[in-house]
Amino acid sequence: MALLVGVATHLRPRCPKTDFPSSSTLKDLCSSQSHLSPYLPSRRLLPCLFYSSTRHPRLVTVSAAAISVEKTEKDRFPVTVTETKQPRSSVRLCIEVPPNSCKESYNKVLREFSNQAKVPGFRPGKKIPENILINYVGLHNIQQAVIEAILKKTLPQAMISVEGRALKDSVRIVTKFAEMYDSFSPEDYFRYDVLVDVVPEIKWLAEAKYKNLKIIVQIDKTITAEIASEIEFKRRYKAQGSLRIVTDRGLQMGDLVVLDILAARIEGDLSIGEKIPSAERKGFHLDTEESDNLLPGFLNSILGIRQGETKSFSLQFPESWEQVNLCGVQAQFTVRESILQRCREVEQTAIEQATDNAILEQLSKIVEVDIPQSLFEEQGRQLYGARLLQLQAGRKVNEQQLSSLSSEKAVNEYLENQKENITSIIKQMLAVGEIFQCENLEYSTDELVKEVENSVEEFKRHNQEYDEANVRQQVQDVLEGAKVLEWLRENSDIQYVFR
């Protein structure tokens, strides 16, 4: 229909507990390696594509870092961490490991190599002199193993300083591995730097923050039910050039009308009985000049009906009616002119969506946020992934085109071109998250359970993979967003301007 008005709020997953890499991936965190892999659309990254039609912003929450370091380990590997604030809500951690810890790691690596290496002239398990072991294994391999062991031991411990603030997958070692290798000595201090993005702070530009907002919602006139119903009726019967929309009178002979028809049996005691499905219609197109197949008395009963009006009346099916089970049945009919009613429903939905959009847009204008790069890229890649999924679902791209659009170059171009939009969305969801907490808003357990069940059912119906725990987490965010928008609608000064 020509009256549809879209809404563009977006969803994103929470930031769960901070994850730390194993020793096999530590080198990939160094600045000489890329810590971001090309984005490929994944349904598990976007499990809310089939949530309710009114989209709400996801909320960002960051849990405490998932670090477990035994006290004895901390005592044996003391580290000095110096934290320096950096742009884009990140911090630089300068980590210093003392010589005794370096020496301990060095000796442990030598013992492990000595137990595993099969050096000619030495029986398994026999101690091998250091110089012989180094010549056999290679200084490069030993030194690399020591550095990885130190990083594995000290990185989680150093990250305790940003516990509860660090964003997932934002930890990157900025000291190049080659630099660590060249400067390493088991007799000296070992130093390396780490950058990590933290939860950004929200700065409200208005003194009252988000309270008593003045919202102006601009509505296209074609969204109004009366105008939209005329547009839709003309669209359906555009082949009839002489057709004229009449809104100032009821239905007359010669008119066309679209009806929703309900029917139910009238029992012997005149009570309304069970429905008659075969006599019911939705969106029934009726030409009053072609009514030969109608139930006798039906046309006369609906003459005079106006746009959006509902009429109820009783009729009896003739004994000669084609459907034997209806012969002689007394029935109660409820008839409604349907185009206007449906347009009114669409009008209400569109106005609500436009209101939510206007509120979210206003929120993005009254907050300042130093957005972390990792958060920007995550949100942007998810938006781009949703776009690719829509293209794929609509069969608008083939496999070769999808592969090209999934390249890192294509993703980066999207991030650059949509920078303003992505930034606005992040500001909106951060603001929504803070409002939910500040106003102590809540949703019921029943709401949560029902929405989770509906979402899982949607996944199954579309044969999509899903993780139920992740679905539950995201449903919580959707409900939180809905509660915030509901609160803002009730506590803001909203004006509607039709253009």
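Where is Arg-88 found? Arg-88 sits in the loop between strand 1 (80-86) and strand 2. The model is predicted. The salt bridges come to 14 in the count. The largest nonpolar core has 44 residues, and a second, separate core has 35 residues.

**Positive phi**

- Most residues other than glycine have a negative phi.
- Arg-88 is not a glycine, yet its phi is positive, at about 60°.
- Arg-88 counts as partly exposed, with 32% relative accessibility.
- Asn-212 is not a glycine either, and its phi is positive at about 55°.
- The loop between strand 5 (202-204) and strand 6 (214-219) holds Asn-212.
- Asn-212 counts as exposed, because its relative accessibility of 62% passes the cut-off of over 50%.

**Salt bridge Arg-191 to Glu-96**

- Arg-191 and Glu-96 form a salt bridge, with their closest N and O atoms 2.8 Å apart.
- This pair links distant parts of the chain: Arg-191 lies in strand 4 (residues 190-197) and Glu-96 in strand 2 (residues 90-97), 95 residues apart.
- Arg-191 is partly exposed, with a relative accessible area of 47%.
- Glu-96 is also partly exposed, with a relative accessible area of 23%.

**Salt bridge Glu-187 to Lys-103**

- A salt bridge joins the side chains of Glu-187 and Lys-103, at 3.1 Å from N to O.
- Glu-187 is in the loop between helix 5 (177-183) and strand 4, and Lys-103 is in helix 2 (residues 99-116), so the pair ties together parts that are 84 residues apart in sequence.
- Glu-187 counts as exposed, at 55% relative accessibility.
- Lys-103 counts as partly exposed, at 27% relative accessibility.

**Salt bridge Arg-489 to Asp-356**

- Arg-489 forms a salt bridge with Asp-356, and the closest N and O atoms are 2.5 Å apart.
- Here too the pair links distant parts of the chain: Arg-489 belongs to helix 14 (residues 468-490) and Asp-356 to helix 8 (residues 338-365), 133 residues apart.
- Arg-489 is partly exposed, with a relative accessible area of 35%.
- Asp-356 has a relative accessible area of 3%, so Asp-356 is buried under the cut-off of 20%.

**Salt-bridge network**

- Salt bridges link Glu-377, Arg-381 and Glu-408 in a network.

**Nonpolar cores**

- In the largest core, of 44 residues, Trp-204, Leu-363, Ile-426 and Leu-488 have the most contacts inside it.
- At least two residues of this core come from each of strand 5, strand 6, helix 8, strand 12 (367-369), helix 9 (373-393), helix 11 (408-417), helix 12 (419-438) and helix 14.
- Helix 12 supplies the largest share of this core, nine residues.
- Beyond its neighbours within four places in sequence, Trp-204 is in contact with Lys-209, Tyr-210, Leu-363, Ile-366, Val-367, Ala-431, Glu-434 and Ile-435.
- The second core, separate and of 35 residues, includes Tyr-106, Ile-142, Leu-155 and Ile-173.

Methods. Residues are numbered from 1 along each chain as its sequence is written. This is a predicted model: local features need pLDDT of at least 70, side-chain atom pairs count only at pLDDT 80 or more; totals for chains, interfaces and linings use all residues. Side-chain values use heavy atoms; hydrogens and water are left out. A salt bridge is a side-chain nitrogen of Lys or Arg within 4 Å of a carboxyl oxygen of Asp or Glu. Helices (H or I, at least four residues) and strands (E, at least two) are DSSP runs, numbered from the N terminus. Buried means under 20% relative accessible area, exposed over 50%, partly exposed in between (1.4 Å probe, protein chains only). A nonpolar core is a set of buried Ala, Val, Leu, Ile, Met, Phe, Trp, Tyr and Cys residues joined through side-chain atoms within 4.5 Å. Contact means heavy atoms within 4.5 Å.
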